[in-house]
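Subject: Structure handover

Hello,

Here is the structure we talked about. Please open it alongside this note.

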Amino acid sequence: MTSLWKSFPVYETMNQKIKRYILHILYPTKCPVCGEIIDFNDDFCSVCREKLTMYEGSYSIRGADGFCAAFLYDGNISPAVMLLKDGICGNADFALGNALAERLVNSGIASEADTIIPVPLHKKDKRQRGYNQSELIAKQVSLRLGLPICPDAVEKIRHTASQKSLSQSERITNLCGAFSVKKPELVSGKRIILIDDVCTTGSTLAEIAKLLKENNAAKVYCASCCKTELTD
Ligand SMILES: [Zn+2]
């Protein structure tokens, strides 16, 4: 399996590329799955890349105009997702973001969109982790696709319980009114790609998609790096 993103037009500036290279000299780039040192332009090592399963299924997010995911969430990709979520990150945002950009191009969504919005974290959670993992991925996708990213367009205004142990209906109730559009002018009339790290039932993406449509978004496409098989 080769990385098609390398043949994309380069929207990353030379300065950004040089910065990545210098970082690589100081802190060698590692495969986010196994930790093997890789080239600064590589996302995964070739051994891990071969084991990853691309997400080929079709899934609908309520209220959205389309959905795509790069990988099926399984034990082969989970170490990269854990790196991203545990506040270590490493090369995980680069690898997962590039894979998602590739998927967005192949699915046709990239050419239909004009703005990228990451799923926001509550400010307490963002402070604790030090960053929003969906925003890091969205930044990579933005660099690859040449689309602007609007991380401040939507905010999470209410802290919510973890969705993990909740049923589908409980997840929807849990998220009700949790998000707000902070900058309606960045949403109105826009064709938006809404980006999350992992999609389980899609409740979070659906809640934000509904909000974006209420704020006159022209289109809302949802995208996640990984999609779980759970659809309960
Ligand atoms: Zn590896």
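First, the ground rules. This is a predicted model, where local features need pLDDT of at least 70, side-chain atom pairs count only at pLDDT 80 or more, and totals for chains, interfaces and linings use all residues. Residues are numbered from 1 along each chain as its sequence is written.

**Sheet**

Four strands make an open sheet, ordered β1-β6-β5-β2, with parallel pairing. Strands (E, at least two residues) and helices (H or I, at least four) are DSSP runs numbered from the N terminus. Two strands pair if DSSP finds at least two bridges between them. The edges are β1 (66-72) and β2 (115-118); each has a single partner strand, so one side of each lacks a neighbour in the sheet. On average, neighbouring strands are turned by 25 degrees against each other, direction ignored. β5 (residues 191-199) pairs with β6 (residues 219-227) in the parallel sense over eight bridges. D196 has S224 in β6 as its bridge partner.

**Helices on the sheet**

α4 packs on the sheet and touches β1, β5 and β6; its direction makes about 135 degrees with that of β1. α6 lies across β2, β5 and β6, at about 130 degrees to β5. Axes are lines fitted to C-alpha atoms, for helices over the stretch in contact; angles run from 0 to 180 degrees between N-to-C directions. Contact means C-beta atoms, placed from the backbone, within 7 Å.

**α4 and α6**

The axes of α4 (residues 92-106) and α6 (residues 133-145) come within 8 Å and cross at roughly 50 degrees. That makes α4 oblique to α6. Oblique is what remains after roughly parallel (under 35 degrees), roughly antiparallel (over 145) and roughly perpendicular (65 to 115). The crossing is right-handed: the near helix is turned clockwise from the far one by less than a right angle. On the α4 side, the contact includes F94, L96 and L100; on the α6 side, L136, I137 and V141 are among the residues. By class, this contact has nine nonpolar, three polar and two charged residues. Nonpolar covers Ala, Val, Leu, Ile, Met, Phe, Trp, Tyr, Cys and Pro; charged covers Asp, Glu, Lys and Arg; the others, Gly among them, are polar.

**α7 and α8**

α7 (residues 168-175) packs on α8 (residues 203-214) at about 45 degrees, with axes 9 Å apart. α7 is therefore oblique to α8. α7 passes α8 in a right-handed crossing. R171, I172 and L175 of α7 meet S203, T204 and E207 of α8. That contact has two nonpolar, two polar and two charged residues.

Best regards

Technical notes: Contact = placed C-beta atoms within 7 Å.
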